[in-house]
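Have the model open as you read.

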Amino acid sequence: MNYLKIKRIVSLVSLSILFILFSNPLQVTAKPYVIPENAYVGFEYSIFVDGKLIVLREKSYTIEKIKNPDMYVPLKLLGKLKDVNINYNIPITVSSDQGTFNIDSTNSVLFENSTYISLTNFQKFTGYKSKEDYDSKSVFLWSGSEGEKESKRLLQQLDMVSYDLQSFMGKKVYIYEGEKVGWVKELYNYESSSNIVKAVIQLNNGTIYEDLIFDNTPTSFIDYWDYETIGFYYTGKYYWANKNYLPSSNPLGHLEKVYFTSVKLKGKNLFIQAKRSNGAKQTFKLSFYDDYKSPIASGFYTVNPRTAYPGWSSNIWNKITQQKISIGMNTQQARLSWGEPERINTYNTSNLRIEQWVYGRTYLYFYNGKLESWTD
C-alpha cells in the first residue's frame with residue numbers, strides 16, 4: 001500500500017471520528033447516573049418550598065450505596081421555583097442567579113424513569129437552604145427570610161405533635177366523607193391542647209379541608225397508601241366468620257369458612273365479595289367508626305378454630321357453631337360460642353375459683369373453669 005493510500009485512509013478515519021464527536025456531543029456525560037439494583041432507596045419525603053407543600057408524583061428520597069449518597073429531589077422541582085429555569089435540550093441545563101449548570105452523570109441520578117439531583121447540588125444550583133425532618137419524612141426548602149420564617153413555623157408546630165401524626169405531614173390521604181383525596185399541608189396543636197390536633201388538608205380541587213384529631217387517631221381520613229393496598233392485604237385468603245362481632249344482618253354463619261375475592265373501601269364501609277364453601281358468591285358490607293381494619297380483625301378468624309382444639313367433641317362444636325352454651329363447657333368454648341363478656345367478676349377461696357361472666361342481663365357462672373349455671 002503506497003503512502004497516498006495510507007494518508008487517504010487516515011484522513012477518512014479522522015473525519016469519521018470528528019463526525020461522530022460533533023453529531024453526538026458527549027452524550028454519555030449528558031445522561032444521569034443510573035442507580036444500581038443494590039442501591040438503598042429510603043423513605044419517601046414530602047417537599048415544602050417556602051412553607052408551601054409541593055405536590056409532585058415524584059418525591060424526595062435518601063439514596064445510599066451509590067457514588068454520591070445523599071437526599072435526592074426530583075429535577076422537575078426546579079421548574080416550580082421562582083427565578084430558576086430548566087432547558088431540557090441535551091445537555092439539560094439549569095439557570096439561576098447562581099449561574100448555569102449542566103445536568104449529567106456527576107450530579108444527577110435516574111430513578112424510576114425520572115431524573116433526580118442531590119440536595120447538595122440543588123442548593124448549589126438555586127441558592128436555596130434546606131432542613132430535613134426525619135420524623136415527618138419531609139424536606140423544607142426556602143429562598144429568603146420569609147420562606148425561612150414560614151418553614152420554621154411549620155417545623156415548630158410539628159415538634160408539638162405526636163410522632164404517629166407527624167408521619168401524615170405532606171402525605172396523600174383518603175378522606176372518608178365524600179371520598180375525597182388530598183394532601184396534609186399543616187399539623188398543629190389546637191388551642192394549645194396536648195391531645196387535640198388540627199390537620200389542614202389541601203384537596204385535589206385546591207380547596208381546604210380541616211379536621212380535628214383526638215388522641216392521636218384520625219377518624220376522618222387514612223393514608224392513601226393504606227386505601228390503595230386494602231385489597232392486597234385481605235383478598236385471596238380464607239377466613240372463618242365470628243358472628244359475635246358481625247352485624248346480625250350479615251348472611252354468614254358462625255365459624256363459616258369463606259374466601260375473600262375482593263375487599264374495597266368506600267367511605268366508612270368495607271365492601272367484601274366472598275366465596276362460600278358451597279361455591280356460592282356472597283357480597284356484604286362492614287361499617288366502622290375509626291379503624292378500617294377493625295371489622296375484619298374482630299369479625300373473622302384467620303385460622304380455623306377447630307384446628308386449635310382437635311380434642312373437642314362434635315357435640316361441643318355443633319353448639320358453638322349455633323352460638324349456644326351448655327353446662328360443663330370450659331371458658332374457651334364459651335368464648336368461641338358467645339364472644340368476650342362485657343366484664344368478669346372473680347371470687348376465690350382456698351380450693352375454688354368462681355367467675356361470673358356478664359353478657360348484658362345474662363350471667364354465666366364458672367367453677368374452676370367449668371360452666372355450672374347461668375341466669376337470664
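## How spaces are found

On a 1 Å grid over the protein atoms alone, a cavity is a set of points where a 1.4 Å probe fits but cannot get out, while a pocket is an open set with protein on both sides within 12 Å along at least five of seven lines; lining residues have an atom within 4 Å of a point. Grid points are joined across faces, edges and corners, and a volume is the space filled by probe spheres set on the points.

This is a predicted model, in which local features need pLDDT of at least 70 and side-chain atom pairs count only at pLDDT 80 or more, while totals for chains, interfaces and linings use all residues. Residues are numbered from 1 along each chain as its sequence is written, and side-chain values use heavy atoms, with hydrogens and water left out.

## The cavity

Searching the whole structure turns up one cavity of 30 Å³ or more. The largest cavity has a volume of about 50 Å³, and its lining includes S46, I47, E58, K59, G170 and W183. At least two lining residues come from each of β2 (40–49) and β3 (52–54); strands (E, at least two residues) and helices (H or I, at least four) are DSSP runs, numbered from the N terminus.

By class, this lining has six nonpolar, two polar and two charged residues. Here Ala, Val, Leu, Ile, Met, Phe, Trp, Tyr, Cys and Pro count as nonpolar, Asp, Glu, Lys and Arg as charged, and the others, Gly among them, as polar.

## The largest pocket

Now for the open space: the largest pocket holds about 1100 Å³. Its lining has 38 residues, and those nearest the centre are K171, K172, D223, Y224 and W225. Two or more lining residues come from each of β2, β10 (114–118), α5 (163–166), β17 (221–223) and α6.

Helix α6 gives the largest share of that lining, four residues. The classes in the pocket lining are 16 nonpolar, six polar and 16 charged.

Y233 sits in helix α6 (residues 224–234). With a relative accessible area of 41%, Y233 is partly exposed (buried means under 20%, exposed over 50%, partly exposed in between, with a 1.4 Å probe and protein chains only).

D83 belongs to the loop between β5 (70–74) and β6 (85–87). D83 is exposed, at a relative accessible area of 67%. From D83 to N250, 167 residues apart along the chain, the C-alpha separation is 61 Å.
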